Amino acid sequence: RALVTGIAGFVGRHLVGEFAQAGYEVHGVDIAAPSDPIPRIAGFHEGDVLDGAAVADLVGDLRP
C-alpha cells in the first residue's frame, strides 16, 4: 500500500500510475479534491500535510 501526498498535482498523478503498475494499492492525500478523476487510485483523502495529527491518523489507518 502506498500513500502519495499532493496526489492532485502533476507529479502525484504520475506516481499513482507507477505505484499501481508495480502492484501497490494507492491512496492519495491533497488539500483539495482533484478536478478530474485519478485512474487506478484506491482512495482519496482530503487533508493538509501540515496538520501533523491528521497525517499521523491517516498513516495509522492506512499503514502504507
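Residues are numbered from 1 along each chain as its sequence is written, and side-chain values use heavy atoms, with hydrogens and water left out. Because the model is predicted, local features need pLDDT of at least 70 and side-chain atom pairs count only at pLDDT 80 or more, whereas totals for chains, interfaces and linings use all residues.

Three strands make up an open sheet with parallel pairing, in the order β1-β2-β3, where strands are DSSP runs (E, at least two residues), helices are DSSP runs (H or I, at least four residues), and both are numbered from the N terminus. The edges of the sheet are formed by β1 (2-5) and β3 (43-46), each of which pairs on one side only; two strands pair if DSSP finds at least two bridges between them. From one strand to the next, the twist averages 20 degrees, with axes taken as lines fitted to C-alpha atoms, for helices over the stretch in contact, and angles running from 0 to 180 degrees between N-to-C directions. Between β1 and β2 the parallel pairing extends over four bridges, and alanine 2 has valine 26, in β2, as its bridge partner.

Helix α1 (residues 10-21) packs on the sheet, where it touches β1 and β2, and its direction makes about 170 degrees with that of β1. Helix α2 lies across β1, β2 and β3 and runs at about 155 degrees to β1.

Within strand β2 (residues 26-30) lies histidine 27, which counts as buried because its relative accessibility is 9%; buried means under 20% relative accessible area, exposed over 50%, and partly exposed in between (1.4 Å probe, protein chains only). Apart from neighbours within four places in sequence, histidine 27 is in contact (heavy atoms within 4.5 Å) with Arg1, Ala2, Leu3, Val4, Ile41, Ala42, Gly43, His45 and Leu62.

Helix α2 (residues 52-62) contains valine 59, which is partly exposed, with a relative accessible area of 36%. Together with Val49, Leu50 and Val55, Val59 forms a nonpolar patch on the surface with about 350 Å² of accessible area, as given by the Shrake-Rupley method with a 1.4 Å probe, only the protein chains shown counting as cover for residues. Patches consist of residues with over 30% relative accessible area and no salt bridge, with nonpolar side chains (Val, Leu, Ile, Met, Phe, Trp, Tyr) joined within 5 Å and like charges within 9 Å; a salt bridge is a side-chain nitrogen of Lys or Arg within 4 Å of a carboxyl oxygen of Asp or Glu. Aspartate 61 is also found in helix α2 and counts as exposed, at 64% relative accessibility.
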